[in-house]
Amino acid sequence: MKILVPVKRVIDYNVKPRVKADGTGVDLANVKMSMNPFDEIAVEEAIRIKEAGKAEEIVAVSIGVAKAADTLRTALAMGADRAILIEVAPDAEVEPLAVAKLLKAIVEAEQPGLVILGKQAIDDDSNQTGQMLAALLGRPQGTFASKVEVDADHVSVTREVDGGLETVKLSLPAIVTTDLRLNEPRYASLPNIMKAKKKPLDVKSPADYGVDVAPRLKTLKVTEPPVRSAGIKVADVDALVAKLKELGVA
Amino acid sequence: MKTLVWVEHDNASVKDATLHTVTAAAKLGEVHLLVAGSGCAAVAEAAAKIEGVGKVHLADDAAYAHALAENLAPLIVELMGHHDAFLAPATTIGKNVAPRVAALLDVMQISDILSVEGDKTFTRPIYAGNAIATVESSDAKLVITVRGTAFAKAAETGGSGTVEAVAATGDAGLSSFVGSEIAASERPELTSAKVIVSGGRALKDEETFASTILPLADKLGAAVGASRAAVDAGYVPNDYQVGQTGKIVAPDVYIAVGISGAIQHLAGMKDSKTIIAINKDEDAPIFQVADIGLVADLFTAVPELTGKL
């Protein structure tokens, strides 16, 4: 079985994003970028499935600017076998629906048994792409996975749901999206980072797949969230109790 | 505009998340509901009484028993033939099903809306709530998930909707439900609680978390939450996690105990009316958003607080 792992280059999760003064978006100039944390978990899971002898090849794919090749190299250094970059213009914003359509075209060409995506990207916080891909392919989806067990013709996915956990059984090929608890992603070692530079990385364009990536949503403006007014510090527990009484909760 | 709202239920009653979603839907136009499940006729009757509700579509079939997206999406797509917008609460069920529906309708979903600014214009948080985007859809039909804490609850009574059965679309045969482990809790539900006591990494272990946080929560009739660190360390189950990737809450009072206040945690609770932080590190980022802060060792301060309430 082949596994396809889509990865996204996003602002590093430790960076506090700054809204541009003109309200057109978030300032990404000179900001540290990294692989979306959920996608690292997806790459790790694919590697573990391969290490367990249940997959032969891992293909990482990213849709984004030329720099997204760095993100793919990270996936290759972790253990992916080859990569595909669908390059878009520097100012292009490719929405989940367009990404899902591009991934559908790649799935049709590559025929993976499993596609593992992150549950959401930490920049647009959409949580849509995996579900949309599953819909377009008419395949089952195992979203928010905290455990994945691959068998001959199906995959069992334990999902993190409100209130607890739920297990579903999906026929293969299937789409799985990762939650935080699925695994602890490995670090790429220096020798593997060097080796990753020699692994194949194909560069394509959306036109190669005949997909229109024009956005359906127009961002009218991006603003800072309301700022909370400065609070006070109380000296001791008695003062805190008094405050709680004022608030009517004690 | 005719809207179709997904009713989240447990076969007995309508979940609060739905009531918030109805309020958002009412801003767009006529509100119709979809109650899907197995043996859920009573829920449809209750749903019809929600204020402002018109028709309640009842799809009662074994295929809908566990809200599998593969079986629900075709049903919703069919109903969208005569609705203009589909709204679901941004719960794990809503987030699982709605994008599947959107893709089948060939429209972009608008996730986790905070407000309705116009027929096709909405605000939503991006970058872990560090920015708010105003977006306008150019799609013919809308698929939206709604952040419950951003909209008031619709009244559960006063409505006079009519229940209408809809034909099931059957089992897609792609997936099946194996089982679930739902944590039983007598405390209020996290996302609708008025008061939340949350604990972080500083709580040390499962026993210390239980012996420190739970008595305070019980004294206040509060729900219990946690930071990712506390969940990862196994102090509490996953579904206690408050944050960007866990639950988004906005209670009247949020008490953060031993939580430093990382961006990802703040994303889930910074819309709380009053935030109280107890932390021994006076430079912890949590104090930048806290209305009331107490710099103290939680192991002495929390039991003392519990005792004095």
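**Notebook: burial, helix packing and side-chain pairs**

I began with A:T177, which is buried because its relative accessible area is 1% (buried is under 20%, exposed over 50% and partly exposed in between, with a 1.4 Å probe and protein chains only). The model is a predicted one, so local features need pLDDT of at least 70 and side-chain atom pairs count only at pLDDT 80 or more, while totals for chains, interfaces and linings use all residues. Residues are numbered from 1 along each chain as its sequence is written, chains are lettered from A and ligands numbered from 1 in the order in which they are written, and side-chain values use heavy atoms, with hydrogens and water left out.

**Entry 1, A:T177.** I placed A:T177 in strand β10 (residues 174-178) of chain A, where helices (H or I, at least four residues) and strands (E, at least two) are DSSP runs numbered from the N terminus. Leaving aside residues up to four places away in sequence, I found that A:T177 touches A:L117, A:G118, A:K119, A:G130, A:Q131, A:G142, A:T143, A:F144 and A:A145, a contact being heavy atoms within 4.5 Å. I also looked up A:S126, which is 51 residues from A:T177 in sequence and 13 Å from it in space, C-alpha to C-alpha.

In α6(A), residues 237-247, I listed A:V237, A:L240, A:V241 and A:L244 as the buried residues. Seen down the helix axis they fall within an arc of 100°, so they line one face of the helix; the arc is taken over the directions from the helix axis to the C-beta atoms. I then traced what these buried residues pack against, namely β13 (232-234) of chain A and, in chain B, β14 (253-257), β15 (274-279), β16 (292-295) and α8 (298-308). Just after α6(A), A:G248 takes a positive phi of about 80°.

I counted 29 salt bridges over all chains, each being a side-chain nitrogen of Lys or Arg within 4 Å of a carboxyl oxygen of Asp or Glu. A:R186 is partly exposed at 29% relative accessibility, whereas A:E44 is buried at 2%. In α6(A) I found A:E246 and A:K243 bridged at 3.9 Å, N to O, the two being three residues apart, about one turn of the helix.

I found one aromatic pair over all chains, where rings of Phe, Tyr and Trp (its six-membered ring) pair if their centres lie within 6.5 Å, and planes under 30 degrees apart count as stacked, over 60 as edge-to-face and the rest as tilted. The ring centres of B:F209 and B:Y235 are 6.4 Å apart and their planes stand at 50°, so the pair is tilted. Both B:F209 and B:Y235 are buried.
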